[in-house]
Amino acid sequence: YGGSTYWDTEAYCLPFYLSTADPEIAKNLLYYRYKHLPRAIENAEKLGFTDGAALYPMVTMNGEECHNEWEITFEEIHRNGAIAYAVYDYWRHTGDLQYVADYGLELLIGIARFWAQRVNWSAQKEKYVMLGVTGPNEYENNVNNNWYTNRMAVWCMQTALDFAYKVNVEHATALNQLKSRINFKDEEIAQWKDIIDKMYFPVDEERQVFLQQDNFLDKELVPVSELDISQRPINQKWSWDRILRSAYIKQADVLQGIFAFEDEFDRETIKRNFDFYEPLTVHESSLSPCIHVILASRLGYQEKAYELYLRTSRLDLDDYNNEVAEGLHITSMAGTWMSVVHGFGGKHIKNEQLHFEPMLPENWEQLKFKVIWRGALLQVSLNKDSMEVENFSTHKASFFVFGQEQKLDGRSKVTIPLKA
């Protein structure tokens, strides 16, 4: 947008580059953020944070915050988590711990320091809470305990600790130098562990779903299917007062977190949350449809997955949200690729290993795509009956198809029968 960088880069574009391009391209995107770390620390200092806490901007060109809406600039702080997740995702795809030791860990520690200062201790709940935030759903401002933000904060602190351990094992000198340079102390580790153990997450016990934020159930839960089409998009037809009082969700919020940490949830948990939140989602963001395509594919919701695939792939062609005059959406382009490869192709990573759980759309006869994984270039070809994976590189590769491990030597291929 306007030549500026958003969290869309890390959350949506980086996955494309990780799977389709030389690893140096993804590394350069990460290095761009590392070079902005001093500005992220300055951004946090302007808001009262200290001791190297880093808050990356929502919108930037040179590392400074360039957004002009306070509820985004000061409250939509989950973008910090997208920067950290990008470092983690790069390591998962490449195994490049040297980058983490040289650059990534310092960035992760700065972000973790921000989260540790941003929480409050609630004596009433006897938990840590996160007050006054805006989650990925920008149709909810200034809320308390957005589930996704709380979840991402805990994950960031735990990931910083996990990488510190990994770096200490293989690059102990680099870790010691970093700790000295940024004054990283054991007391911080103890504080982070306490927050990780005692963070509050809102839950609806009756429906057994994660609550988007405190008091979400105070809203009138009218599904989008009952909303007159003449009222869409609501951000151009309704006042913000009306939008903020409605239960309508602009884009994936709780489901964004379930997508990011998919392997931590069983299918029934994913299904309950998808069935609750998707009917309330208006998808009035280019970031929204592809996340739902991926989760719908995983759940076997073929019709819903394809419906939302068309929405993300044709967002600008059909101008669903009446805003193409302002420019095309890079996220719907990246989201189209994610829908095909992560959704219909079923690509995901579990326990640092590559998995596929494909679901070919009913009206497609074949799907073919290539992905790069740990140096191996794999071509995946799907039809109704089988999945063929060909290794075009000299690197050996291992992956799982519906939980069954497959191993490929360099310059070889395998055909896996698919059950209906």
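In the predicted model, C156 is buried, with a relative accessible area of 1%, and its sulfur lies 19 Å from the closest cysteine sulfur, that of C13, which is too far for a bond. C290 is likewise classed as buried, at 0% relative accessibility, and C13 again supplies the closest cysteine sulfur, here at a distance of 10 Å, also too far for a bond. A disulfide is a covalent bond between the sulfur atoms of two cysteines. With a cut-off of 2.5 Å between the sulfur atoms, the count of disulfides comes to zero.

Helix α8, which spans residues 172–182, has L175, L178 and I182 as buried residues. These residues lie on the same side of α8, because they cover an arc of only 65 degrees around the axis. Just after the helix, N183 adopts a positive phi of about 60 degrees.

Positive phi values are also found in two loops between strands. Most residues other than glycine have a negative phi, and most peptide bonds are trans. N351, although not a glycine, has a positive phi of about 55 degrees; this residue is placed in the loop that runs between β5 (347–350) and β6 (353–356), and its relative accessibility of 54% puts it in the exposed class. R374, which is not a glycine either, shows a positive phi of about 50 degrees and is located in the loop between β7 (367–373) and β8 (376–382). With a relative accessibility of 34%, R374 is counted as partly exposed.

A cis peptide bond links R232 to P233, with omega near -10 degrees. The proline of this pair, P233, belongs to the loop between strand β4 (209–210) and helix α10 (234–237).

Note on methods. Residues numbered from 1 in each chain as written. Predicted model: local features only at pLDDT ≥ 70, side-chain atom pairs only at ≥ 80, totals over all residues. Heavy atoms only, no water. Buried < 20%, exposed > 50% of the residue type's maximum accessible area, 1.4 Å probe, protein only. Helix = DSSP H or I, 4+ residues; strand = E, 2+ residues; numbered from the N terminus. Arc of directions from axis to C-beta.
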